[in-house]
Every structure is written in C-alpha cells, then in structure tokens.
Amino acid sequence: MLDIRLNSIGKRFQYDWIFKNLSLEIPKGSFCAITGSNGSGKSTLVKCIAGLTPLTEGKIEYTSEGQNISDTEIFNFLSISAPYMELPEEFTLLELLRFHFSFKKPINQMEHEEMMEKMYLIEHRYKPINQFSSGMKQRLKLGLCFYSDVPLILLDEPSSNLDEKGLHWYLELIGEYGQNKTILICSNEPKEYGFCQHKIHVEDFKLKHNL
Ligand SMILES: Nc1ncnc2c1ncn2[C@@H]1O[C@H](COP(=O)(O)OP(=O)(O)OP(=O)(O)O)[C@@H](O)[C@H]1O
C-alpha cells in the first residue's frame, strides 16, 4: 500500500498559479476525489502526482511498505487512465496486453484471456486499437489500470465514453480490485467518485492565492 504526502505544493503556468500551498496527506488504501470546475487544475494536479509534470514549488513524498519512493521511481508503482494518455493505436488488443504486462505485473497472475473476458473485449483480440470504439478504448484503459498489480491508481474522468452498463462495470472494478490500493479520481461527476472518503477541491488552493 502507498501513501502520498503533498508538502506545500504549487504549480504555475507562466504567471497563472493553478494551485499553491497545497499540503495534505492521502493515506494508504484510501479513495480520494479531486474535484473542481473545468480548467481548475484537476488534471494538472494528477499529472504532478504521477510525475508527468514538474511542480513549480513544494515536494511530494511517496511511501510504500515503510520505504520512501523517489519521484523517478513512482511511475513503476502506479497506473493511470486519462483522456490524454494515448493507447498505441497500431497494436492489436492482444499485442497491447502483451506489451503492457511485460512492464507491469498482472494482478492475481491474471491471464490475458481472462482480462479480455472481463473487459467484454474477447472477440476483439486481433483488432487494432484504432478500430475500437471510444467506449471500448475506455474499458481497455480502465482494465489496464485495475489488472496491474500496483498500489496507486490514478483515474481522470473514468466514466467518460461509458454507457450505463459501462459505468456499472467501472464501479464493480473499484469494488473488486480497488481494495488495498490508493485511488485518486479527477471528476465532476458524483456517480464516478461518490464512494471516495476524501476530497481535494482544487479551487480551494487557487483563487485566494491569485487575488
Ligand atoms: N501545458 C500547459 N501550459 C499552459 N497552461 C496549461 C498547460 N496545461 C494546462 N494548462 C492550464 O492549466 C489550467 C488547468 O487545466 P487542467 O487541464 O488541469 O484543468 P481540469 O480541472 O482538469 O479541467 P477539465 O475539467 O476541463 O478537464 C487551465 O487553465 C489550462 O489551460
């Protein structure tokens, strides 16, 4: 399990502070929603936590099983699903699973066949990803996250492009594979994050500092 401590972190693009003086602890095994209006900085915060975007100030500490994890190692401990994380479109589904799980350990030694069954994509195993519908791609992104044996899952707009059945499937994934993991969810849709015990409202760390 992994916990995250945000120590007075801030991010600025040019002269615009997206958030500043953000300090809090996201305890291990907790579910945390990152909320805020469009353009408020939810994705920017999650990218900083994932190590994809550098902070302007402050520090993020990650601890797993009593060990400190450095910024450069954190990517090995997390999976991320986000609209801006592209899938390799020229791969078939099976090729993508083989590729992804050559880097990440599958949860419970799950086989690729079982993953494809669970994502309702088994009949598309030889289809290139660029021929997938947007809902199929979203199920695939979420499956890659939850079937990876990592302690931290970052989800940006997890139910985008999913229909009602897909939303239900996503909530089942959380229940079945989200236990003992730290999960951060960027969203403005309560149906995607209603079960979260913690919330970070990005605007609370923005407006007062830009006045
Ligand atoms: N690379 C960048 N360079 C400059 N400004 C950026 C960059 N990335 C994001 N921004 C700005 O940072 C602000 C926050 O963007 P961000 O995508 O984090 O918001 P968000 O809360 O995730 O929005 P949405 O709900 O629309 O997805 C916006 O004003 C955006 O234009």
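**Exercise 1. Work out in which order the five strands of the open sheet are arranged, and which strands form its edges.**

Solution. The five strands of the open sheet follow the order S6-S7-S8-S3-S9, and their pairing is parallel, where strands are DSSP runs of E with at least two residues, helices are runs of H or I with at least four, and both are numbered from the N terminus. Two strands pair if DSSP finds at least two bridges between them. The edges are strand S6 (78-81) and strand S9 (198-201), each of which pairs on one side only. From one strand to the next, the twist averages 15°, with axes fitted as lines to C-alpha atoms and angles running from 0 to 180 degrees between N-to-C directions.

This is a predicted model, in which local features need pLDDT of at least 70 and side-chain atom pairs count only at pLDDT 80 or more, while totals for chains, interfaces and linings use all residues. Residues are numbered from 1 along each chain as its sequence is written.

**Exercise 2. Describe how strand S3 pairs with S9.**

Solution. Strand S3 (residues 31-35) pairs with S9 in the parallel sense, over four bridges. Across this pairing, Ile34 stands opposite Ile200 in S9.
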